Amino acid sequence: MSVFKFKEFSIIQEKSAMKVGTDAVLLGCWGSCEKASNILDIGCGTGLITLMLAQRNLSSNVTGIEIDKIASQEAQLNISNSDWEERIEIKHTSLQQFTPKLKFDLIVSNPPFFPQNKSQQSRDIARHTNTLSFEDLIDNAAKMLEEKGIFSVIIPKNSEEYFCKIAAIHKLYCNRVCNVKGNEASQVKRVIMEFSFIKTVVLTEYLTIERSRHNYMDKYIQLCKDFYLKM
């Protein structure tokens, strides 16, 4: 069985198309969740970010939604094996069909971001925008977000300008951004961003993951030390 063990929970990822990855861990570690009582994880996969947020905020209730049936089943299994099962709910649904009773203080998503393709493979569907475009993601997030809530995503750097333009149409403005690169010699390939309905000066930071292979930077270790076993 394929299992990824973290300090306080484990992720069974035997059948799911998308395995534990750095993008999801970064979003789960970096996003502001301390004041959120009602959290939504859009496209929760095996429940990794859902569990990370439940661990970071012990007074929160977290909902994870996942369109892929197999992934949602493994997410439910992972939540059932955790210490926070009573505070977490997993729903097998698309974002477009999800109708929550309450709005959310925090909405997070590690969304599909490659252009649409015709593949029916589960991994391709999870990674491409066939079932969830940026437009749909932002439109629905804006409708479900509390007035003072936060919407947080991790996307490719080259999609940042386009994503922010769509967000602004829905009166969501980037307040905080982290530019991520793999090592000191590489270019920024990912950005983690927080949006709200309040327009402020953008707080910008930079994060480099490694000095060399598996030789991690101090800032990255500090960010992830509550989760990875060897940090």
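Two strands count as paired if DSSP finds at least two bridges between them. Helices (H or I, at least four residues) and strands (E, at least two) are DSSP runs, numbered from the N terminus. What you see here is a predicted model, where local features need pLDDT of at least 70, side-chain atom pairs count only at pLDDT 80 or more, and totals for chains, interfaces and linings use all residues. Residues are numbered from 1 along each chain as its sequence is written, and side-chain values use heavy atoms, with hydrogens and water left out.

**View A. Strand β9 and its partner β7.** Here β7 (residues 145–156) runs antiparallel to β9, and six bridges join them. Strand β9 itself covers residues 190–196, and six of its seven residues are buried (under 20% relative accessible area, with a 1.4 Å probe and protein chains only). So β9 is largely enclosed by the rest of the structure.

**View B. The β8–β9 hairpin.** Now look at β9 with strand β8 (residues 173–183): the two pair in the antiparallel sense over seven bridges. They form a hairpin, with six residues between the strands. Arg190 turns up again, this time with Val180 standing opposite.

View C. Step back and you get an open sheet of nine strands with mixed pairing, in the order β5-β4-β3-β6-β7-β9-β8-β10-β11. The edge strands are β5 (88–92) and β11 (215–216), each pairing on one side only. At the β11 end, strand β10 (residues 203–212) pairs with β11 in the antiparallel sense over two bridges. Ser212 has Asn215 of β11 as its bridge partner.

**View D. Helix α3 on the sheet.** Helix α3 (residues 69–80) packs on the sheet and touches β4 (61–66) and β5, contact meaning heavy atoms within 4.5 Å. The direction of α3 makes about 165 degrees with that of β5. For such angles, axes are lines fitted to C-alpha atoms, for helices over the stretch in contact, and values run from 0 to 180 degrees between N-to-C directions.

**View E. Helices α1 and α2 side by side.** Helix α1 (residues 22–30) packs against α2 (residues 48–56) at an angle of about 25 degrees, their axes 9 Å apart. That makes the two roughly parallel (angles under 35 degrees). From α1, the residues Ala24, Val25, Leu27, Gly28, Cys29 and Trp30 meet Leu48, Ile49, Met52, Leu53 and Arg56 of α2.

Methods
Angles under 35 degrees count as roughly parallel, over 145 as roughly antiparallel, 65 to 115 as roughly perpendicular and the rest as oblique. Buried means under 20% relative accessible area, exposed over 50%, partly exposed in between (1.4 Å probe, protein chains only).
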